[in-house]
Amino acid sequence: MRLTPATHKAISYACRHFHYSKATPSTITAGYNVYNGNDEWCGVVLFGGGANRHIGKPYGLVQGQVLELTRVALNGKQEHTSQAVAMSLKQLHHDKPICRLVVSYADCDQSHLGTIYQATNWIYTGLFDKGDTFFIIKGKKTHRKSVHSKMVVIDGKKVHCPENLDAVKKFIDPCALLGRTKGKRKYLMPMDKAMRKQIAPL
């Protein structure tokens, strides 16, 4: 198995075809192509700032010192997914030495347990965001922030779409529904010994 830097084209294709979200992250700090032992392209592993601007605050870190593993978008031809993630982390450490911590989440709504993270010695810190609401728009789970980013016209003015079901039904999808998440399992990967010692009690 080997890695190479991923192009935007490769990232877009892998996210649309190999990841359950069918979406490409808005910010990508580092992206790696994964090739198996037969030199077949298997997809990408991506790291970025994540949706939370204060992701590093609980650990005394600022942006750049902490990244989120935002996508493991692979087609199944790789020998071991855990190996692909481990190799990506090693390459990230080389490419972004300022990064001291990587955060990732296993989505309970997708019945994900975080087996990959358990296999590569991440630190599990618990269940987060349980009960948070989201919208189902045109059959697709949509985050509230994605709804807010859409511009609509209200009283002759172009504004961000209100984050409520009535507005979503009126301006985006009349068949929209409101759902509640089962939460996400949060995992941490320290990138140096001092950080591992700091977060181990979590």
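These exercises treat aromatic rings in a predicted model. Local features need pLDDT of at least 70 and side-chain atom pairs count only at pLDDT 80 or more, while totals for chains, interfaces and linings use all residues. Residues are numbered from 1 along each chain as its sequence is written, and side-chain values use heavy atoms, with hydrogens and water left out.

**Exercise 1.** Classify the ring pair of Tyr 13 and Trp 41.

Solution. Rings of Phe, Tyr and Trp (its six-membered ring) pair if their centres lie within 6.5 Å; planes under 30 degrees apart are stacked, over 60 edge-to-face, the rest tilted. The rule gives 7 aromatic pairs. For Tyr 13 and Trp 41 the centres are 6.0 Å apart and the planes at 55 degrees, so this pair is tilted.

**Exercise 2.** Is Tyr 117 buried or exposed?

Solution. Buried means under 20% relative accessible area, exposed over 50%, partly exposed in between (1.4 Å probe, protein chains only). Tyr 117 has 9% relative accessibility, so Tyr 117 is buried. Its ring partner Tyr 187 is buried too, at 3%.

**Exercise 3.** Which residues do ring pairs link into a cluster with Tyr 117?

Solution. The cluster consists of Tyr 117, Trp 122, Tyr 124 and Tyr 187. Within this cluster, Tyr 117 and Tyr 187 form a tilted pair, with 5.1 Å between centres and 40 degrees between planes.

**Exercise 4.** Which residue lies over the face of Tyr 35?

Solution. A charge sits over a ring if NZ of Lys or CZ of Arg is within 6 Å of the ring centre and within 35 degrees of the ring normal. Arg 2 lies over Tyr 35, at 4.2 Å from the ring centre.
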